[in-house]
Amino acid sequence: EANAESELVRHYGSGLESTVLIAPHHGSNTSSTTEFIAAVAPRFVVISAGYRNQFGHPTAPVLNRYARAEVEVQQTTLQGMLGFAFSDAHPEPLVTSFRQQRPRYWH
C-alpha cells in the first residue's frame, strides 16, 4: 500500500486533499504513510475494521501517525456505523455514530 500511496501523491499531490479519509487497508502498518496523510490533509480519518480482528487493525504506529498530523480518528470498531453531514452553514461536518444514537440497538 505504501507504494500505491506514494504514486498517488506523486501524480495528484494536493489534489488529494479531503476533509474525510477512509484509512487505507483498515489501518495496517503497510499503509497510511506520513507523506500520504500530509497530502490528503484530512480533518477526520475513518478506520473500518472488525472488533478484535485477528490482524490487530488499526495498528499503534498508524494511530500515532494520524495523531501527529492532528487528524481526528473515528473507528467503526468503537463507534459502529458512522455518518458525516456536511452543510454550508457549518464549517465542520457533523459526525454521528450508530452506537451513540442507539446504544441498545437490540431493543
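Is Ser32 buried or exposed? Keep that for the last stop.

This is a predicted model, so local features need pLDDT of at least 70, side-chain atom pairs count only at pLDDT 80 or more, and totals for chains, interfaces and linings use all residues. Residues are numbered from 1 along each chain as its sequence is written, and side-chain values use heavy atoms, with hydrogens and water left out.

**The sheet.** Start with the 3 strands, which form an open parallel sheet ordered E1-E2-E3. Strands (E, at least two residues) and helices (H or I, at least four) are DSSP runs numbered from the N terminus; two strands pair if DSSP finds at least two bridges between them. Select 20–22 for E1 and 72–75 for E3: these are the edge strands, each pairing on one side only. From one strand to the next, the twist averages 25 degrees.

**E2 against E3.** Select E2, residues 44–47; 4 bridges join E2 to E3 in the parallel sense. Pick Ile47, whose bridge partner in E3 is Gln75.

**The helix across.** Axes are lines fitted to C-alpha atoms, for helices over the stretch in contact, and angles run from 0 to 180 degrees between N-to-C directions.

**The loop.** Go to His26, between E1 and helix H2 (34–40). His26 is not a glycine, yet its phi is positive, about 60 degrees. His26 is partly exposed, at 40% relative accessible area.

End on Ser32, in the loop between E1 and H2. Ser32, also no glycine, has a positive phi of about 60 degrees. Ser32 is buried, with a relative accessible area of 0%. Buried means under 20%, exposed over 50%, partly exposed in between (1.4 Å probe, protein chains only).
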